[in-house]
Amino acid sequence: MRLYQQLILFMLAATVLPLAVVGFLLLSRAEEALTERIGAEQRLVAATTAESVSAELMKTVDALARSAELFNWERISAEEFQGGLQLLYGQSSAVSAVLHLDAEGRPRGAPVFQAAGVGEHPGFDPKAVETLVDAVPVQSLRRGNKGQAALGRVYAHALSGRAAVAVAVKLGEGEDAPFALAEVVFSDLEALLERRAGGTPGHIDLVDSSSGRILASSLSERRLKPLEPALISLLAPGEPRARSFRVAAPDRRVSAARVPLVPSFHVLVAVDETVALAPVRAMRRTVLLSTFVALGVLLGLGALYTRRLNRRLADVVAGAEAFGRGELDKRVKVVGDDELSELASTFNRMGSELEASRARMLRWNDDLKARVDEATAELRTAQAQLLEAQKLAAVGQLGAGVAHEINNPLAGILGNTQLLLLDRDDKDPDLETLRKIEQSAKRCKDITQNLLRFSQQRSRPELRPVDLNSVLRDALSLTENQIKGEGIAIVTELVSPPMRVRGDPGHLSQVVLALLSNARTAMMQTEAKRLVLRTGERDGRGFLEVEDTGKGISPEHRSRIFEPFFTTKDVWSNVGLGLSVAWRVVSEAGGTIDVRTEVGQGSCFTVWLPKA
């Protein structure tokens, strides 16, 4: 999951959702409290309005009853009777007509109606009189007292279109007493309901549960409309208290209170639930909108933050990838003073440490390579020495076999040749040929002797302290005349006091003779002939040097000069075993031979031997 998505979920879980849940819980409680408050206010309005309606009706009835007690209706004249009816008519503005009924409930005389009219009226026809008479059963008052009144049923007033109720008042004592029948229109009650409902979002209705009609309402369009069955079933005629309930389709909050003294009359205070709860629902919409706005703002800020965060993290990732490619000089830009800045600083420090570590590692690699190269060179030197030793051993075995096989026949050839030479005089034509045979035989003898000498294997060389100067002088005495005879200048530089080394005197003399022979042969074709013999001590070892001004050794031949049978001499003198034997003798003594040479300038062989 991406960081932005995680941030959105975190904001939803940590801020928006809790705030929304708390807000909607508070709004739900506020709605419940508002609903309860609306119900309480409705019940109060219904109860007080019911009492006011009862008081208004009873005021009219009481006024009619008191006025009826003022006259002796049985003894007055017809004009006075008509004037009494006029008095009853004037007791309330709600009285629209008054009729005189006999004891049987039949109309007598013309009704009194409108302001003060007596007699026929175009709006009050006999059918209206019949309706009024039928509205009250006067038989229930025949046994009553004078001034006693009774309410009849409610009906629709023909002229005003309002509800009206008939009120019968007994005008005398006894069952034969006449009655006055008054028509009371609910105009005053409607005005009362309008006053009570003024300024409120709902409406107030006066309903008759027995007929299921609305008698009066604060809304004129609801007048005389049938009451909804759902409301009729909720109205209990015997319930003294005001009650609240909810009615659906449309959703309304309704409170009902029974009108005192009139059990079938109820006052209903109703308000549309949408209107009543509009503030809370508006607040709920506001909270919901605010939640979405806050979420949008948080998402926008989160997007900006995560974009900046991702950009900075991308720099760190790029640096890590650069490190993976080996670019340890890559650095991350440090911005600000937060955790990412600390991460970038730590990352840069890590890069510096890695770069320094790599530099150290490279130095170690260079050192290791140099050591490996050095060890490899030493190993190659040791391998070359081992190879030379193996070659010398092989040549020694071969030379020993060849020398033994050739030496005996060669001794016979040389002996017979010398015997033939003794028998010939100087003028013999075969004398020169015999001398050549003798010379060649002697040369072969020398070769076999060198081979035998080279092939000698001593398990324990006869090593003892030897004077280097004496070894050099003894070897030089054997060949000094021959060297000087070839025009070579000899220079000796012997150390004083004499240097004693550990070695075999005979073998060392053989080494010196081999070096002198090589030097003499190398200077045969040169003009400046100079041979330097030198002894001395250096680095705790003794050394002997033979330096000549001969032709030198070419670079391609330097690695092979100690191989058996290898030679670069222009004039054949031996088979190339001198330096091989010298190498073996010096190695047995624990020493080494170094060579310095330059083509056309000469060579210098240095024999290093351990001090005695």
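**Close-up views of a predicted model**

View 1. The model is predicted, with pLDDT of at least 70 needed for local features and 80 or more for side-chain atom pairs, while totals for chains, interfaces and linings use all residues. Residues are numbered from 1 along each chain as its sequence is written, and side-chain values use heavy atoms, without hydrogens and water. Helix H12 spans residues 578-588, and eight of its eleven residues are buried (under 20% relative accessible area, 1.4 Å probe, protein chains only). Among the buried residues of H12 are Trp583 and Arg584. Helices are DSSP runs of H or I with at least four residues, and strands are runs of E with at least two, numbered from the N terminus.

**View 2. The second largest pocket.** Its volume is about 330 Å³. Of the 17 lining residues, Ile38, Glu41, Gln42, Thr200 and Pro201 are the closest to the centre of this pocket. A pocket is an open set of points on a 1 Å grid over the protein atoms alone, where a 1.4 Å probe fits, with protein on both sides within 12 Å along at least five of seven lines; lining residues have an atom within 4 Å of a point. The volume is the space filled by probe spheres set on the points, which are joined across faces, edges and corners. H1 gives the most to the lining, with six residues; helix H4 (187-197), strand S7 (203-208) and strand S11 (265-272) each supply at least two.

How values were computed:
Buried < 20%, exposed > 50% of the residue type's maximum accessible area, 1.4 Å probe, protein only.
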